Structures are given as C-alpha cells and as structure tokens.
Amino acid sequence: MAAMIRVSEFDKVFNEAQRQGRISFYLTSRGEEACSIGSAAALAPTDWLLPQYRELGAALWRGMTFDDIANQATANSLDPARGRQLPLHFGSLEKRIVYVKSTLGTQLPHAAGIGYAMKRSGGKQVALTYFGEGCASEGDVPSAFNIAAVHGCPTIFFCRNNGYAISTNAKEQYVSDGVAPRGHAYGMPAIRVDGNDILAVYAATAAARAIALGEPPQGALRRDGATDRNPP
C-alpha cells in the first residue's frame, strides 16, 4: 500500500509540472498502481523489466528513487541519459530496467529477444514487458508472441487493459474477447486478472514466471491457462 501511495504522490507533482509547462511530457499511473507493483514484486531482482510508460511503480519497487525519476523527467545534469529520452522514459542497467520507448509495441520483440538470451545463457531469469490493449493493435505484438512461443522464450507479456486505450473503446479494436485469447492462439498460456487487485496480480505473475521457467506453478495458473484453486 505504501508503494502505491508513493506512486500516486509522485504523479500528482509531476503531472502538475507538465500542465504548467515545466516539463514536456508526463503520463500518470493513476488506477494502474497495483498492476506494476504487484507484478514487479513477483519477479526476481535478476529478471528484466521492459516498461511502457505507466510502470513507475515497478521502477520504484526495483529500487529506483524519486530523485532518479525526477532527474530523468527534468533532464538535468544528473540524468544518466543526458536528456536523450523524453520525460518519464526512465531506465536502469543496474536495476535491469530497459529504457521506456515512445514507439508503441517495440518493447515486445525486445522482450522476446531478451527472454531468448536468458534461455540461451541457462539462467533462471525471465523478461517481463508491459503494454496496453491499444498497443496490442501494433504489428510488433503478434510478431513478439510468435517469436516467444516458437523459441520457448521465458518472456511474460503483461497487458494492462483499461478498455479504452487512450481514447478508442476496445470494442472498436477487437471483435474477439480482447487480448488474452491471443496467447492461446499462439500456443501460450494466458490468464485475465483484476488489475486493481494487487494480490491477484502478484499470484498470476508468480505463476507465469514459474511456467516461463518450466517450473510447477504455485496453484494459480496451469499450462493450459486455466485457473486451479486447489492444486495437487
């Protein structure tokens, strides 16, 4: 709860700064705090994160500080990227957070590639990438799904579906039942959870990580994607 409040308070300050013209770009994580924090908490520190732009909570959970994000958002002399990124396009090699990209969807093939590299290295690591249901209309998404499925990459694709993308209703984008069924079409397990339930997000992500590494999930998700409340 404290981590979620920290995200909300940071958002208030910097969203107002953007509205006042002090910085050029900012998007809040309002209503999505549980998604990023719950999922990040279920990972190991050695796992890779590839955020979109509403994963401030994941960055803070990983150990990035208010100062780190503020330095990047204002592109001051302490910004490691030296102003080469838009505000809120944070990243950290030390924390294994790949820099945020404004080009929607490009982080998904990157995540599949990182997952493949982790598989080749023989380590027990995964890559988790975030995207929205609007982003799922980009061509990079099915390509990333197919690469990850065919090569058995330990990659978790985390879709934050608020139903409206930025302004377009999901019903105007998909005839089928949203994004989750696409996983099954590519031979990957999928699960849909309440993104405002931090415990559900944590459990689903932990189970997805176990499946990605070929380990038995701890009672939340079977390989076929069905839930199992009473595992053996």
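**Helix packing and the sheet**

Biologist: Are H5 and H6 roughly parallel or roughly antiparallel to each other?

Modeller: H5 and H6 are roughly parallel to each other. Bear in mind that this is a predicted model.

Biologist: What's the angle between H5 and H6, and how far apart are their axes?

Modeller: Helix H5 and helix H6, the latter covering residues 140-151, pack at about 15 degrees. Their axes are 8 Å apart. Angles under 35 degrees count as roughly parallel, so the label follows from the angle.

Biologist: And the crossing of H5 and H6, left-handed or right-handed?

Modeller: Left-handed for H5 and H6.

Biologist: Which residues in H5 and H6 meet?

Modeller: H5 contributes Leu108, Pro109, Ala112, Tyr116 and Lys119. From H6 there are Asp140, Val141, Ala144, Phe145, Ile147, Ala148 and His151. Sorted by class, the contact of H5 with H6 holds nine nonpolar residues, one polar and two charged.

Biologist: Switching to the sheet. What's the strand order, and is the pairing parallel or antiparallel?

Modeller: The order is E1-E2-E3 in an open sheet of three strands, and the pairing is parallel. E1 (48-50) and E3 (155-160) are the edge strands. Each of these two has a single partner strand, so one of its sides has no neighbour in the sheet.

Biologist: How much twist from one strand to the next?

Modeller: On average, 20 degrees.

Biologist: How many bridges between E1 and E2?

Modeller: Three bridges join E1 to strand E2, which spans residues 127-132.

Biologist: What stands opposite Leu50 in E2?

Modeller: Thr129 does.

Biologist: Which strands does H2 lie across?

Modeller: H2 lies across E2 and E3, and runs at about 170 degrees to E2. Helix H5 (residues 107-121) also packs on the sheet, where it touches E1, E2 and E3. The direction of H5 makes about 170 degrees with that of E2.

Biologist: OK, back to helix pairs. At what angle do H1 and H2 pack?

Modeller: The angle is about 135 degrees, and the axes of H1 (residues 2-19) and H2 (residues 33-41) are 10 Å apart. That makes H1 oblique to H2. The crossing of H1 past H2 is right-handed.

Biologist: Which residues in H1 and H2 meet?

Modeller: On the H1 side, Ala3, Met4, Val7 and Ser8; on the H2 side, Glu33, Ala34 and Ile37. The contact of H1 with H2 divides into five nonpolar residues, one polar and one charged.

Biologist: And H1 with H4, how do their axes cross?

Modeller: They come within 12 Å and cross at roughly 25 degrees, with H4 being residues 66-74. H1 and H4 are therefore roughly parallel to each other. H1 passes H4 in a right-handed crossing.

Biologist: Which residues make that contact of H1 and H4?

Modeller: Arg6, Phe10 and Phe14 come from H1, and Phe66, Ile69, Ala70, Ala73 and Thr74 from H4. The classes in the contact of H1 with H4 are six nonpolar, one polar and one charged.

Biologist: Where do Glu9 and Lys12 lie?

Modeller: Both are in helix H1, three residues apart, which is about one turn of the helix.

Biologist: Last one. Where is Gly195?

Modeller: Gly195 is in the loop between helix H7 (180-185) and helix H8 (198-212).

Biologist: What does Gly195 touch?

Modeller: Leaving out residues up to four places away in sequence, Gly195 touches Ala34, Cys35 and Val201. Cys35 is 160 residues from Gly195 along the chain, with 5.3 Å between the two C-alpha atoms.

Key
Residues are numbered from 1 along each chain as its sequence is written. This is a predicted model: local features need pLDDT of at least 70, side-chain atom pairs count only at pLDDT 80 or more; totals for chains, interfaces and linings use all residues. Side-chain values use heavy atoms; hydrogens and water are left out. Axes are lines fitted to C-alpha atoms, for helices over the stretch in contact, and angles run from 0 to 180 degrees between N-to-C directions. Helices (H or I, at least four residues) and strands (E, at least two) are DSSP runs, numbered from the N terminus. Angles under 35 degrees count as roughly parallel, over 145 as roughly antiparallel, 65 to 115 as roughly perpendicular and the rest as oblique. A crossing is left-handed if the near helix is turned anticlockwise from the far one by less than a right angle, and right-handed if clockwise. Contact means heavy atoms within 4.5 Å. Ala, Val, Leu, Ile, Met, Phe, Trp, Tyr, Cys and Pro count as nonpolar, Asp, Glu, Lys and Arg as charged, and the others, Gly among them, as polar. Two strands pair if DSSP finds at least two bridges between them.
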